[in-house]
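Please study the sequence and the structure before reading each solution.

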Amino acid sequence: MSSTTNNTSEPTSKGRAVGTIIAVFLVILALGGAAAWYLFFRGGTDADERIVYDRIVRYQNLHELDSLSDALEEYFDTYNSDAFHYSQLKDLSDRFFTERADWQAASASLSSQTVRHFIDAHPDGFYKVDAEQKLDSLVFAEALSANTREAFDLYISQYPQGKYVEEARAKIDALDNVEVSSDEYAAAHEVLETHFNALGNNNRAALASTLAEQINNYIGKANPELEDIYAYMHTVHAAGRNLIFLVKNDSVKKVTAGGKSLYSVQFQLDEETYSSDSHPALDNEFGTGEEADNAPKPTSVKHFKGAAVLDESMKITSLVLRQ
């Protein structure tokens, strides 16, 4: 009888052992599945997520925008809303990709106004530097199209450190140095000679014939009236002096502004003073030799550097003298 009892209990013990092993295996399998689920949906440990976050911040600070784009896409492919920095990076991602789309549209445009609208919409955005560089190029292109001094001056005032400043200045120099014909040079020289001969002779009518209707500056006085210029001439002759003014070494530059030509003249002016009883000829009629030796000699000579601006009609609009 005892032998029969022992044989019956042995299979039962083995069955329990097998059941235990299966139960442990199922527990291990369940834990492994949970771990796999966590790793897949959670995206790794908090330490891993922190590393990815720091990388994204570094790309943002270094303005490495292509790398930032890739890193953000990779983050959201890996991590879900349970991740520690998820909400913070979600805000960053929304702003970045919205601005990126706006910039792709603006950068494809050749309108400076479109790029200005982009900068206004994203004043401190990711693509601010790129947008300002693009605007720099577009504004200079507009100046090239206009090809006027005013347009290039405007570009330089808006972008004093711009990429094309030196080129803009070269364009201004080219515009300022339009070739002057021999006739234009002769006309500019003649109007200055006529003006200073009239000043030396105290001749109001001749003096007025050399002046434009609007004078911007006349020997230190801004926007003078004709009577102001006559008063200056009276002062020149107040001591009863006999004067001759000689215009020398003049150079003429032609400037185009607002569709009109102006002439900038640089010259040297000699003021010769003679005694009250001598009457020097204005046209140097004494010639050479003995006649020249007998010509009246000035009691004093002053040298001035002069600058004048003449309008299209070769009338003086500005006159400056300095010793």
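**Exercise 1.** Determine how the axes of helix H6 and helix H7 are arranged in this predicted model.

*Solution.* Step 1: Locate the two helices; H6 covers residues 128-146 and H7 covers residues 149-158. Step 2: Consider their axes, which come within 8 Å and cross at roughly 165°. Step 3: Angles over 145 degrees count as roughly antiparallel, and therefore H6 is roughly antiparallel to H7.

**Exercise 2.** Identify the residues through which H6 and H7 meet, and sort them by class.

*Solution.* Step 1: On the side of H6, list Asp-136, Val-139, Phe-140, Ala-143, Leu-144 and Ala-146. Step 2: On the side of H7, their partners are Ala-151, Phe-152, Tyr-155 and Gln-158. Step 3: Sorted by class, this contact comprises eight nonpolar, one polar and one charged residues.

**Exercise 3.** Describe the largest nonpolar core and the place of Tyr-155 in it.

*Solution.* Step 1: The core has 37 residues, and Ile-56, Leu-68 and Tyr-155 touch the most other members. Step 2: Elements giving two or more residues include helix H2 (46-61), helix H3 (65-78) and helix H8 (165-176). Step 3: The most is given by H6, with six residues. Step 4: Leaving aside residues up to four places away in sequence, Tyr-155 touches several residues, among them Val-139, Phe-140, Tyr-164 and Ala-168. Step 5: A second, separate core has 30 residues, including Ile-215, Leu-243, Phe-267 and Ala-308.

Note on methods. Residues are numbered from 1 along each chain as its sequence is written. This is a predicted model: local features need pLDDT of at least 70, side-chain atom pairs count only at pLDDT 80 or more; totals for chains, interfaces and linings use all residues. Side-chain values use heavy atoms; hydrogens and water are left out. Axes are lines fitted to C-alpha atoms, for helices over the stretch in contact, and angles run from 0 to 180 degrees between N-to-C directions. Helices (H or I, at least four residues) and strands (E, at least two) are DSSP runs, numbered from the N terminus. Angles under 35 degrees count as roughly parallel, over 145 as roughly antiparallel, 65 to 115 as roughly perpendicular and the rest as oblique. Contact means heavy atoms within 4.5 Å. Ala, Val, Leu, Ile, Met, Phe, Trp, Tyr, Cys and Pro count as nonpolar, Asp, Glu, Lys and Arg as charged, and the others, Gly among them, as polar. A nonpolar core is a set of buried Ala, Val, Leu, Ile, Met, Phe, Trp, Tyr and Cys residues joined through side-chain atoms within 4.5 Å. Buried means under 20% relative accessible area, exposed over 50%, partly exposed in between (1.4 Å probe, protein chains only).
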